[in-house]
Amino acid sequence: MRADNPSALTLDGTNSYVVGRWVVDPGPADPAHLDAVRAAAADGIEGVVLTHSHSDHAEGADELGAPVTLPRDQEAVGPFRAVATPGHSADSVCLLAGRVCFTGDTVLGTGSVFIAPGDGSLSAYLESLHRLRGHELDVICPGHGPYVWDPRAKLDEYIEHRMDRERRLLAALDSGLRSRDELLDAAWSDAPPELRPAAALTLAAHLEKLAEERRLPPGI
């Protein structure tokens with residue numbers, strides 16, 4: 001079920017899933033959406049499992065009248081096993097049900113994932129992508145966007161995308177560019193105007209990663 005909360009960051013809305021008597025990411029506290037979730041769970045709802053605590057995924061959880069869990073790494077909850085995948089948020093997990101993976105905001109059906117310093121970490125995010133890459137998956141069920149039927153190719157694409165941004169950013173820094181707008185124009189030139197604020201936060205996350213690795217030019 002897709003919530004009616006489209007935006008530049010949520011794409012066409014938040015995806016909620018019903019697996020048996022379990023709900024993954026019930027989404028916002030929108031009555032119509034939660035009614036659709038209840039209708040899909042025809043045998044009742046035993047539990048609610050979250051991929052992370054952001055409101056567009058978790059706000060409606062307490063409205064469903066069932067225990068709510070945001071599991072820890074390797075914790076088993078209902079039919080799922082959690083894999084810690086911090087990066088988009090510190091508490092992000094992916095949920096494995098056999099070879100099906102519910103990724104929340106760690107992998108989207110289209111586009112790239114928003115990473116901001118603080119709650120997010122680009123270094124952790126790249127580690128999480130590599131960790132997912134080690135699992136044999138048939139399909140990714142993302143928090144936003146369509147199903148991903150070639151998980152390995154998508155994960156490779158995501159990793160290469162981040163590395164390409166980093167190469168562009170380093171080239172811009174090496175050329176002497178320093179201001180936020182200069183760096184965005186050089187390394188995020190393809191970002192549409194409505195996503196430029198998000199790109200600016202992602203730029204900060206890249207700079208934070210480079211600082212952790214002691215790869216920033218002097219004076220940055």
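A salt bridge here is a side-chain nitrogen of Lys or Arg within 4 Å of a carboxyl oxygen of Asp or Glu. This is a predicted model, where local features need pLDDT of at least 70 and side-chain atom pairs count only at pLDDT 80 or more, while totals for chains, interfaces and linings use all residues. Residues are numbered from 1 along each chain as its sequence is written, and side-chain values use heavy atoms, with hydrogens and water left out.

Back to that pair. Aspartate 35 and arginine 38 are three residues apart in helix α1 (residues 31–40), so about one helical turn separates them. Helices (H or I, at least four residues) are DSSP runs, numbered from the N terminus. Aspartate 35 is partly exposed, at 46% relative accessible area, and arginine 38 is partly exposed too, at 35%. Partly exposed falls between buried (under 20% relative accessible area) and exposed (over 50%), using a 1.4 Å probe and protein chains only.

The whole structure holds 19 salt bridges. Here are three of them:

| Salt bridge | Closest N and O atoms |
|---|---|
| Arginine 167 – glutamate 160 | 2.4 Å |
| Arginine 167 – aspartate 164 | 4.0 Å |

Arginine 167 and aspartate 164 are three residues apart in helix α4 (residues 151–174), which puts about one helical turn between them. Salt bridges with shared partners tie Glu160, Asp164, Arg167 and Arg168 into one network. Arginine 167 is partly exposed at 45%, glutamate 160 is partly exposed at 42%, and aspartate 164 is partly exposed at 25%.

Now for the largest pocket, which has about 540 Å³ of space in it. A pocket, worked out on a 1 Å grid over the protein atoms alone, is an open set of points where a 1.4 Å probe fits, with protein on both sides within 12 Å along at least five of seven lines; lining residues have an atom within 4 Å of a point. Grid points are joined across faces, edges and corners, and the volume is the space filled by probe spheres set on them.

The lining of this pocket has 26 residues, and the closest to its centre are Leu9, Ser112, Val113, Phe114 and Leu195. Helix α4 turns up again here: α4 and α6 (196–212) each supply at least two lining residues. By type, the lining divides into twelve nonpolar, nine polar and five charged residues. Ala, Val, Leu, Ile, Met, Phe, Trp, Tyr, Cys and Pro count as nonpolar, Asp, Glu, Lys and Arg as charged, and the others, Gly among them, as polar.
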